[in-house]
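Here is the note on the model that you asked me to read through. The points are numbered so that each can be checked separately against the coordinates.

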Amino acid sequence: MNSRILSLGVAFLLAGCGSAVKLDTVPVEDKVGMPVTQPDSEGMGNARLKGDVAAVDIGKSASHATHPVEERVVYFDYDSFVIKPKFQSLIEAHARYLKAEKGRKAAIEGHTDERGGREYNLALGQKRAEAVRSALGYLGVDDGQLEAVSFGKEKPLTQGADEAAMSKNRRAEINYQ
Amino acid sequence: MWCDGCPGDTFKLSQLKFGLHKMRNIFAKIYFSFVFVCLGWSLSAAAQFRVDVSGVGLTQLPIAVAPFRGESGTPQKIAAIVQADLERSGQFRGVDITGTVLDEVVRPDVAVWRQKGADSLVSGSVTRLADGRYDVRFRLWDMVRGQDLGGLSYAVPAADLRLAAHRISDFVYEKLTGDKGAFSTRITYVTKAAQRYQLWIADADGENAQSALASPEPIISPAWSPSGSQLAYVSFESRKPVVYTHDIVSGKRRLVANFRGSNSAPSWSPDGRMLAVTLSRDGGSQLYSIDANGGEPRRLSQSRSIDTEPVYSPDGASIYFVSDRGGAPQIYKMPAAGGNAERVTFAGSYNISPSISPDGRWLAYISRVSGAFKLQLMELASGVVTSMTETSADESPSFAPNSRLIVYATQQQGHEALMTTTIDGKVKARLTGQNGNIREPDWGPYQK
C-alpha cells in the first residue's frame, strides 16, 4: 500500500472527522476483593475473567441447625397471614421448648407461593413469620430469642403451579440456630 | 488504486466531501409497515436475536449497515452488532446489504442505495494494529441528500470491540434521531441454575456477561448506583435477606443493612449518597433511608401496612413506593424525607414494582390483571396508562438512561427471558447471551 496515499487518506479522514475519539480503554484489573473460584465458566470464556468485573464467589451454604421439635412448619391460605387453629399445638410445643431453653434462639422464616412480585412477596412472607413470632410471644416466649425473617417466593418447597404445590409453599418455618 | 483488492467504487480524492454536519435535525421520514398486525418474528441480519414488531403506523428510519471491511477476520462482527442495536431501538429498520463490501472512505453510490430503500448507510473498516489492538473506523452517509454525516475511529483491544460497535450505534442514533443513544450502557441481572445464583453485568444487548457474584443462596433486587461503579442488592447468603453494596471493579462488598428481621429493596438516591430500603426491624415492612456507606437508618414511612419497593424520582425530591395501606398493593408517592403519601395508581387492584424514567415523564410498573402480571406504562403528567405486553408473567421493569426503552423479565414458552420494549410498546426484542432462569434486570447509567 502506498504510504503517501494512505497518509493523505488518513489526513482527509481526520479533517472530516474533527477529533478522532479514543474510547476509554477499560482498565484490566486483576484485583479481587475476595477469593475467586470459577468451577464452571458457564459459557463466558476465560478471556473476560480479567475484565473490569471482579468475580466474587460465596461458596457453600451454611449447614442447617438441628430441629429439636419435629413439627416446625405452619401453612397459610392464599394472601393470608392468619394462623389457623390446627397449628396452635405446634406453636405451643415450640413455645414450651423455647421457654425451657432460654439460651436457644429461633429464626422464623416466612415464605409465599410463586405468584406475585419478589419484594411484595418478601413483605408478605415477613407478615407470616411475624404472626408466628407474635403467637409465640403471647405464650410467653422472650422476644429476644426470636428473629422473624422472610424468603418471599425465593425458596419454595415444591415446584408446580397447581394449588396443591403452591399451598405447600405458603408457610412459616421455625428453625433453630 | 490505493487499496488492494477493494471491489466496488473507484476511489477519487476529488469527489470526497467531508463536510461534517453537526446539526441535530431529525430525519423523520414517515414509513408505514403494514405487514405486522398480529405478532410476528422477523430475523434480522444479526442472527443472534429476533425483533418483534407489532402494530401499524410505525415510524422507522431505513438504514443499511454494511459489513466492515476486514471484519471477517476479527472476533466481533461490528456491522451486525450496530444493526442489531439500531433495530432494537425500534426507530430503525435494517435494509438488506448482502453482497456489499464498503469501507468508511469509499463514497457509496447514492442511486444504488436509494433503490434498495436506504435513507442512511453506515460503512467502515476494522484493521489489526501492530500492538494487537484493532483500529475501528466508520462513516455515516445520508443517502437522501448524498452527504457525509461524519465518522470516527477507535483503537481498542479485542475485548472492547463490542463496545466500539455500541459507540458507533450511539453516534448513528444521535445523528439521525436527535436523542442520546444508550447502546454502550450495561445491565445487571440474576440467573439461577440448580442451587447456584449469579449476579451478572452485561452489555445493554445482553451479551458480554461477566459474573460479579456467585452464591448458593438467592440474590434479588440488584440496583445500579448512579455513578455506575457499584451495585446494591439483596443477598440471602446468611439465611436472611440483607443489603450489600458492591464495587464492581474490585469486588469489595459492604454490608449496609443487616438489621433485625428482613432488609431489602435498595434504591439509590440520584446523588448516590443514600439508599432507601425496606426494613422489618420495627415490625412489618417499612421504608427507611440510610447512608450508602451504612449507618443508622432513618424511618420514612409510618404505617401498619406493607410499605416497600421505594424508588427515588430522578430529581431526588420524591420517593415512589408500594403500599397496601388501602387494602391491596398500589403505588404511592411521598417526599423523599418522608411525609404525606399520595396515591398514584388507581386502575386495577394490584400494582407493584414502580420504575421512573430518567427524564421523569413515565412510570413503568407491574399490574395483576385477571391473575396475569403485566407491564404497564403511565404518563405521569396525564395519568394515562397503557398496557405494554402480550405476556403474563412480567417482572422488574427498568428504563434505559435515555428513557426510550424498558428492560423487563418475563416468561415465554415457559422459559424465563429478558426483553426490551420501546415505550410505545410496538417494538420488542428478547435479549440473548444467557439461557436458563434469568430475572431481576436493572439498566445501568451512562458510562462516564
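The points below take up conventions, then the sheets, then single residues and their side chains.

1. This is a predicted model, in which local features need pLDDT of at least 70 and side-chain atom pairs count only at pLDDT 80 or more, while totals for chains, interfaces and linings use all residues. Residues are numbered from 1 along each chain as its sequence is written, chains are lettered from A and ligands numbered from 1 in the order in which they are written, and side-chain values use heavy atoms, with hydrogens and water left out.

2. Chain A contains an open sheet of four strands in the order β2-β5-β3-β4, with mixed pairing. Its edge strands are β2 (73–75) and β4 (146–152) of chain A, each of which pairs on one side only, and the twist from one strand to the next averages 20°. Helices (H or I, at least four residues) and strands (E, at least two) are DSSP runs numbered from the N terminus, and two strands pair if DSSP finds at least two bridges between them. Angles run from 0 to 180 degrees between N-to-C directions, with axes being lines fitted to C-alpha atoms, for helices over the stretch in contact.

3. Within this sheet, strand β3 (residues 106–111) and strand β5 (residues 171–176) of chain A are joined in the antiparallel sense over six bridges. A:H111 has A:R171 in β5(A) as its bridge partner.

4. Helix α3 (residues 118–138) of chain A lies across β2, β3, β4 and β5 of chain A and runs at about 155° to β4(A). Contact here means heavy atoms within 4.5 Å.

5. In chain B, four strands form an open sheet in the order β11-β12-β13-β14, and the pairing is antiparallel. The edges are taken by β11 (219–224) and β14 (253–257) of chain B, each with a single partner strand, so one side of each has no neighbour in the sheet. Neighbouring strands are turned by 25° against each other on average, direction ignored. Strands β12 (residues 230–235) and β13 (residues 242–247) of chain B pair in the antiparallel sense over six bridges, and B:V234 stands opposite B:V243 in β13(B).

6. Is B:I352 buried or exposed? B:I352, which is placed in strand β23 (residues 351–356) of chain B, counts as buried because its relative accessibility is 1%; buried means under 20% relative accessible area, exposed over 50%, and partly exposed in between (1.4 Å probe, protein chains only). Leaving aside neighbours within four places in sequence, B:I352 is in contact with residues of both chains, including A:G117, A:Y120, B:V322 and B:Y365. The C-alpha atoms of B:I352 and B:V322 are separated by 5.9 Å, although the two residues are 30 residues apart along the chain.

7. A search of the whole structure finds eleven aromatic pairs over all chains. B:Y350 and B:F373 form one that is edge-to-face, at 5.7 Å centre to centre and with 70° between the planes. Rings of Phe, Tyr and Trp (its six-membered ring) pair if their centres lie within 6.5 Å, and planes under 30 degrees apart count as stacked, over 60 as edge-to-face and the rest as tilted. B:Y350 is buried at 5% relative accessible area, and B:F373 counts as buried at 11%. Ring pairs link A:Y120, B:Y350 and B:F373 into a cluster.
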